[in-house]
Amino acid sequence: MAENRGRVSIGFSSIYRPAVPLDIFSCPRESPSEKDEVHMTDGDAYNYNGQVIPAEALKTILKRPKLASKVNEKVIDSGMVFLSERGDLETLHIALRFKNLSKVKVFSFDEVFDTFNGVRMEDSGCVAGDYLIYVSTKEPAKERRQPWTAVYKTNLETGKTDRLTPTGEADLSPSVSPSGKKIAVASFQEKGGWTGEIENLKTDIYVMDVDNPSNRKLVIRNGGWPTWGSDNVIFFHRKSYDGIWGVFRADISKGETSDTPRVTPVIFHAMTPAAINATTVAVATIRKQSRLSDKEREENQYRHIEIFDSTTGPEQSTKITQKIKPLADHYNPFVIDGGKRIGYHRANRKLDKPTQVLKKVKCPLQGVGLFRVPGAFPTISKDGSKLAFVDNEFKSVWLVESNRQPRIVYTTPGRDSVFSPVWDSKKDTLYVCMGPSFSANKPLEICAIPNVSKENPRQQREKLTKGGFNNAFPSPNSDGTKLVFRSTRGGEGYKNLYIMEDARNGEFSGGTVTRLTNKKCTDTHCQWSPTGDWVVFASNRDKPDGTPEKDNGLDSGYFAVFLVNVKKTEVVIRVMASGSDIAGHVNHPFFSPDGKRIVVTADLAAVSCEPISLPLFEHSVRPYGDIFIFDIDPRKIENNKDVKEFTRITHSRYENSPAVWTTHDNSDAWNQLLKNVYSPEPASCPYDPKTGGERYNMMGHLCIGRRSC
């Protein structure tokens, strides 16, 4: 893919990324209390998934030239390896705590050890003797729609790095045995790769030698997040047939075993275990299921850290975080000082507002900027001066201009949602979808919000569609005279593309609608090309006969990107599919300003972590994965059939959704304006918790299923 082009930028949004930064804390196992809780980092950025560095390994690390020149070994009390989003990626960092001080200093792992510093995601750092073991997405998978996650080891003395995961395979969640000689991983190897699972990955657990990773054996089927209680005992989590996550124990002294007794109760969720010893394990629990429709959560509906002992039975536990912050979620425990203290991460509630609402992210392509926008469905005006997006409840449209305070320009009444805003090519108008979101059988209208930038706007909107159909995803042509959109108006519940011939009046005052595509399928996520000759869209029109109606219980699956010639509607070309069998999801295509590239959200790289370890709540929409770009030939539509090459733009554990291009990057100015004004939660909503607990909004959830004022 060509890289040296005029400067452009891409804006995108992320789902399930908490609005308030996550940070790492610890507390005593015995008699935990808020006053004894210790902040484990310097409080900068998002920090999570910590693991203590053993004393001998820490001594070796401190001898690295880039640390030895900055830190006196004698004044360091302890060290921790963890994930941080400081800078512009999700990568490993080292936190050093000073003796007799609360001060913590943080260093980037790649800078200390001169490891790969390109665009990638790292995770699950842990120490095995003289090595740091971790996951990285730095190398592409051999096959499309397979994880890029592989386990590596970096020598703490020399900095030499080796891949431990076999070529062509993908591993997650490595854990080191107490002896430091073996590594357990959650792997897709036995099942032949990822097949579209979203929450429950159904991985298997393999064990390999640190020094000889080819000595690799399957020990547990259907398990994830392994943790060693001894050199022969592994705790892990799995989702049972009843839909409840639980933590189980396995003795692998004789190799593969199916004897895996459950350590936690069958009546509530337990996940992400951290073994203290061969019988005792810390886990995250959700004792009572909650829904977005709940007005507020009670203590048992938050994710908390508890300790279970397999010798006393699953009904008894030691509650940890309930005694510190009972109305907050806590994630992914880890063990400190042999179990005397328990670490975890949670939202840093001392930060009432997001510290950086609009976040720059490192892009692998030269000349392409990349930034994350709050809320959902970002759209940028053609001149780059205005940014609009909807909040996480799909209730309000926000506007950010370079020279004015960010503000809400429209709020939907009642239970209706507003989403997918897009700027008119010429006028100060936003086109939006209004009505029930993600309800294909209910009427959904396309409306215009005129004079968006006007002082003290009247919160007006003009309806453009009629007939009670499900209409969505409008896109104007280059001169703003027409709109392409998808609709169910063709009958039989199918969704095809249509052109609104008069964008000003829509279907009123004599305005007409022309059909663009005609097939028994779902054509959606459409956008007009800069030249006006083509429309790009996502569709499942090539879904093979006999495939399941639903993909993992959500939509129909098999979405690929197509181009249609506006003047010769019979010319439809498939441009990009996900898997080699066209299964998967490539969605929300968007042309670059020069029409030579298309950005999409897709599962081309599958998943990059175990989703249940994230602040997930419920999947009300399809999580697509990461952001990708591919080149097209704008000269002839037929030259773009089944493009093979693509560039992965984001490497993230979160779900990244619709992306937009701009030739004017005002992200720094927008961020300065937003961080003092924007909040992901309504300012005064009667459905907010009255107990002071964490709100769904603050944890990054799309709250579209929840009633809002």
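Colleague: Let's start with one residue. Is Tyr134 buried or exposed?

Modeller: Tyr134 counts as buried, because its relative accessibility is 2%. Buried means under 20% relative accessible area, exposed means over 50%, and partly exposed is in between, using a 1.4 Å probe and protein chains only. Before we go on, this is a predicted model: local features need pLDDT of at least 70, side-chain atom pairs count only at pLDDT 80 or more, and totals for chains, interfaces and linings use all residues. Residues are numbered from 1 along each chain as its sequence is written, and side-chain values use heavy atoms, leaving out hydrogens and water.

Colleague: OK. How many aromatic pairs turn up in the whole structure?

Modeller: The search finds 14. Rings of Phe, Tyr and Trp (its six-membered ring) pair if their centres lie within 6.5 Å; planes under 30 degrees apart count as stacked, over 60 as edge-to-face, and the rest as tilted.

Colleague: What sort of pair do Tyr134 and Tyr152 make?

Modeller: A stacked one, with 6.3 Å centre to centre and 25° between the planes. Tyr134 is in strand 9 (residues 131–136) and Tyr152 in strand 10 (residues 150–155), so the pair ties together parts 18 residues apart in sequence. Helices (H or I, at least four residues) and strands (E, at least two) are DSSP runs, numbered from the N terminus. Tyr152 is also at 2% relative accessibility, so Tyr152 counts as buried.

Colleague: And what about Phe377 and Phe473?

Modeller: That pair is tilted, at 6.5 Å centre to centre and 45° between the planes. Phe377 sits in strand 27 (residues 376–380) and Phe473 in strand 35 (residues 471–476), so to speak a link between distant parts of the chain, 96 residues apart. Both residues are buried.

Colleague: New topic: which residues touch the most other members of the largest nonpolar core?

Modeller: Ile53, Leu96 and Leu132, out of 29 residues in that core. Helix 1, strand 5, strand 6, helix 3 (109–113), strand 9 and strand 10 each give two or more residues to this core. Another core lies apart from it, with 22 residues, among them Ala388, Val418, Leu444 and Phe473. A nonpolar core is a set of buried Ala, Val, Leu, Ile, Met, Phe, Trp, Tyr and Cys residues joined through side-chain atoms within 4.5 Å.

Colleague: Why is one side of strand 35 left without a neighbour in its sheet?

Modeller: First, that open sheet runs 35-36-37-38, with antiparallel pairing. Strand 35 and strand 38 (513–515) stand at its edges with a single partner strand each, so one side of each has no neighbour in the sheet. Four bridges join strand 35 to strand 36 (residues 483–487), and Ala472 has Arg486 in strand 36 as its bridge partner.

Colleague: Last one: where does the charged end of Arg17 sit?

Modeller: Over the ring of Tyr46, 3.9 Å from its centre. Lys153 lies over the face of Tyr131, at 4.4 Å from the ring centre. A charge sits over a ring if NZ of Lys or CZ of Arg is within 6 Å of the ring centre and within 35 degrees of the ring normal.

Definitions and conventions: Pairing = 2+ DSSP bridges.
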